[in-house]
Structures are given as structure tokens and as C-alpha cells.
Amino acid sequence: MSTQESRKERIDRGIKVRSDGLYALMSWRELSYLTLPRFILIAGMLSLPFLVPGMYWQRVISIVCIYAILALSFDFMAHYVGLVSLGGAFFIGTGGYIAGILNSYFSVPPFLTVPLAAIIGGVVCTLLLLPCLPLKGVYFAIVTLMYPLFMARIIEAFNIFGGTDGLVGIDSFSSSFAEQYLVICMVLIFLFGLRRFVTTDRGLIFTAIMDNDQAVRASGINITKYKALAVFIASAMGCLAGACLTHIYMWSGISQFALDFSILPIAATVIGGSGTLVGPILGCLILVPVSELLRDFGTLRIVFYASILVGFILFRSDGIMEFGQRKYEQFERWTKI
Amino acid sequence: MEILVYGTINSVSLALMGLGFAMIYGISRVPNFAHGALYIICGFVTWTLFYKLGLPYFIAIILSLCVNGILGMFMYRFILIRVRGMNISEIIASYAIGLAILEGLRYGGFRGMNYTLPVFMEGSLMIGNVPLDFHRLIMMVIGILLVAGLWVFTHHTRIGLALQGMAQDERAALMLGIDSDFMAMLAMGFGAVLAGVAATLILPLGNIVVESGYNVLIMSIAVCIVGGLGSWMGAFFAAFIIGYAQILTVVFIGSHFQMVVALLAIILTLILKPSGLFGHQKELEERV
């Protein structure tokens, strides 16, 4: 009895090899091979408000984008700087409260509060996280997980900023189109901006800090400064998302520090593909609508996405994006050994 | 006097919550974020066995502890073993499991205020001018016995010594013929049982509510971090520090600040001395 011994091998497609170098673009086919995936993403995101029916699902688009920005910031921090922050809710809450305070106490219009909240929030978050920057791995994760809970308890205990009721009566965006295109454009800008940024010299230093921080230090580079810069970028993105959230719901409250905002972006990143920057957005595009569909089942949806998360971590830890990329760039065949 | 008595009780209950977490982390280096879920599930299993199936209270408790232990071992054997050593995946996976259990229980109808367990013994006695019921007294005694028992177990039995060896140096333990995966599974089981013991001792004092699962998780993390991750003696002493600090803030500042104290303790400890009061971690590895 003989069994055929064979293995699967993966080989790059010819078109991928040809179009890898920029100067080798010989035909429209190769050009479109490179640009089509990006074009589909951009066009798809921009046409979403037209494709989706009803007020309710239009609102879901905005929520998807807010989670997507948050997931992008998590992916950037975790896989390009090596700081795993479980405190997405901390950024959302800080940004949301700053936007709420600016709008309801000083009546600043929404198109100013959003950038202001991003910058002030980024500075505030960076300053608060500065003492934790020397921590690594599980310690940084735990301390960032505790920050949003701590902030929520502080606001509750001192009864500031509206206490448990939160700040109500905040202005909304002028129209729902403005609201959706603002968040969609922000997602795209941050996505392509970060992809550029991680390949620059600064991005290289970030990656080096993740791989071996002592070596970076030995090269005479102040790693705390760079980590603070990374935290500022990530937290400004998170705060911007939080400010948008506040204006969409016309309300900012303690529930913006809730664990949902810490967990769902991480789940989206794991499902979409960690370290790819596009993956988190795909993950959000899948996860958030699914969890909206399951809203009727109450808390069962949390069970559902927690189990998906565990499943992906165990069996597909590289995520959808890596899988898709592999299929797009390589072909597989069985070969005899 | 009141502060002394209630501070001690609070500390012992914190120590009970934290011991399981400290044990699992100390031996298998898995931060078990499903700790709160294990705690709550034990309460509900006991409740179901006692009220729905009509088993005697004592047997119901023993059975639910066994269920908890097996659940913990299953969790390690089938899920966490695959991500062991990858810190972040461990946290995310175990937290997701905990989340699924807690929210599943909430969906299954276990919510509201009508789930309570009976106390072990009715009645109370006076210490000075402070009334102290027998249940809290039993809780304190069992808590202290448990810590002593754990100390004897880890220092004078074969399995205990093996667990300790693994905690100190996993590779060396492997060379001496200790099956590290099996031991980590055992540790997870023991940790789950400890969470269950804490649940059966503490839950009769109030309602069984799903939300307290999250609080238990936070408190046990607080205790373990302040005491030093992985050292269960440290966790025990840290429980006393945090326990008294909490009671003092409740008495002098206000009950709103009880949780703030715990969270502040975590953040301050991590910033000032990440290895904790009694931690044996190498500080250089944790900080830059």
C-alpha cells in the first residue's frame, strides 16, 4: 500500500513579482493589479452612505468608522510600537468629554471641537500615560485597562461634568451627510497616513523599539520621547473618534469609558489581521453590523463576538486580511515530495 | 474597633478573591482574566444545585467546586494552552472567555436581585461594641486556614513542590521530569477552585449579580499587582493593605471612593514598583 507523499507549496503570482518594482509597470493590467484593492476600499467606503438604506443603518456606518479609527490606533500602538493598550475606552472617553465640555460650557461649534478635542485629548492622554511608558507587555496592558475604569469612577465620585447623567444637549453635526463623510474621510486619511508614517525613519525607530528597545537606547535615541510621540498619535486618533461620537449622540457620559470601546476594536483587529492596518477596518466593517443585527438578542451578542474572538485567536491568528493577501498574491499547488 | 473588625473582614475576602489569580499567574504565567467569571459561575452552580435540584447545601458546594475545577482545567487544556507564552493573546483570550461566560449567564436569565445563597450559620456575637455575624467569622477562619493550608501544600507535598519548581524555573522543572503542561493545567484547576471557594464564602453576604464578576476581577488584579504578580504571600499581605485602605476611605471620605482606592493602588504600584511589594520578578525585564 503506497501513499502519495505531497505537500502544498505557495508561489508568488507572476504579476505580483512583475509589479513589485515600481518601474516595471508595463501594462494596465499590472497597474490595476496594484491599485484595484486600494481603489475598491476607498470607493467602497465613500459610497457607503448612498448604498445603505434607512436612518438607522446610516448611523451604524458612523459607528463603524468610529470603531475603525479606534482599531487603527490600537493596531498602530500594538504592532508598530509594541505598546499593547487595552484602554481604547480611555481615549474615547477623554475625547468625548473634552468635546462635550467645549461645546456645552464654552459653546464651541462642532467643527472646531473635533480637532481641538483631538489635540487637547492627545496631550492629556499622553501626559497621563507618561509615567507608565517604561512598562512593557502585560503590565502596560493591565495599567491601560485600568485607566478608563479609574476615570469613570473619578467622575462618578467627584460628581463633576454632570456626574452619572453625563453632559446632555450637545450640538449635533449640521447634517447626517457631513457626519458620515467626516468620519469616513478620517478613517481613510488615518489609514493611508499611518501606512506612510510607519515606513518613514520615525516609523522605523518605532518598530525598532518594539523589537529591541535596549538596542535603540544604545544607539543614543531617547525611547521615552518616541513612545510618547506614538501614544500622542494613537490617543489623538482615539480622542477624535470620541469627539465625533459625542456629537453624533449629542451626549457624553460615563458609558464612553465602558469596556466595549476597549474590547471591540481589539476583536476587530484580531479578526481583520493584526499588523496590517487595513485589517482592523475590515474587522470593524464585519463585526459592528453583525453586532447590530444581533441587538435583539441582548447580551447574547457579546457572547457571540467573544466566541468569534477566541476562535480567531486560536485557529486563525493571522486574520482575514493576511489570508486575503495570500490568496491575491500567491497561488498554491500540491507537489510530490 | 469597627475599622479594625471590618477592615480585617474586607481584607480576608480580598485575599480570597486574589489567591486564585495569584496562583494561576505564579505557576503558569497565564493572567487569567476569566477569574471573575469563574467566581460568579460557581455561585450560580451552587444556587442551581441547592434550589433547583434540592441537594444539601454542603454537597452542593462541594459539587460546584468540582465543576469549577474541571471548568478551569478544560479552559487551560483546550483554549489557553494554544496561546501560552503570548502575553497579549492570553489576556484577550481569557478575557473573552470570561466575557462570554458572564454575558451568557446574564442572557440565561440570571439577573436581578433574587439570587441569594444562605449563610452557613445564623446569629452574631459582639466584639467590643461591634456586631459580627458568625458567617463573617467563619469566612475569616476559613480564609486564614486556606492560606496556611496552601503554604503547607506548596512546601511539603509532591505536587505542591512540583508546582513551586515550575513557578521558579520552567525549563529546569522540565529537566527534572515535571510535566509542565499538566502542572499548569492543575494550577488552573486549583485557581478555579480557589475562585469557587471565595465565591461560596463571600456570596452569601449579598446577592449573586453578574456585575460583581467584573469587580472581583479588578479587585483580584489589584491585590496581585500590589503584592507582586505571581507571589501568593504577597497577594495576602497586599489584600490587608488594600482592605484597610478601602475601609478607611469608606469611613472617612465616602463609599464612592472604595473602587478608586483599588484602581489607584494598581496604577501607582505599576508606575513606582512594577514587581510589587513581594514580587520575585526581575525588575529589569519588566521595565526599560
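This is a predicted model: local features need pLDDT of at least 70, side-chain atom pairs count only at pLDDT 80 or more; totals for chains, interfaces and linings use all residues.
At roughly what angle do the axes of helix α5 and helix α6 of chain B cross? Residues are numbered from 1 along each chain as its sequence is written, while chains are lettered from A and ligands numbered from 1 in the order in which they are written.

**View 1. Crossing of α5(B) and α6(B).** The axes of α5 (residues 134-156) and α6 (residues 158-168) of chain B cross at roughly 80 degrees and come within 5 Å. Axes are lines fitted to C-alpha atoms, for helices over the stretch in contact, with angles from 0 to 180 degrees between N-to-C directions; helices are DSSP runs (H or I, at least four residues) numbered from the N terminus. The two helices are therefore roughly perpendicular (65 to 115 degrees).

**View 2. Residues joining α5(B) and α6(B).** F153(B), T154(B), H155(B) and H156(B) of α5(B) meet G160(B), L163(B) and Q164(B) of α6(B); contact requires C-beta atoms, placed from the backbone, within 7 Å. These residues comprise 2 nonpolar, 5 polar and no charged. Ala, Val, Leu, Ile, Met, Phe, Trp, Tyr, Cys and Pro count as nonpolar, Asp, Glu, Lys and Arg as charged, and the others, Gly among them, as polar.

**View 3. Contact between chains B and A.** Each chain contributes 34 residues. On the side of chain B that touches chain A, α4(B) gives the largest share, 14 residues. That side has 25 nonpolar, 4 polar and 5 charged residues.

Notes: Angles under 35 degrees count as roughly parallel, over 145 as roughly antiparallel, 65 to 115 as roughly perpendicular and the rest as oblique. Two residues are in contact if their C-beta atoms, placed from the backbone, lie within 7 Å.
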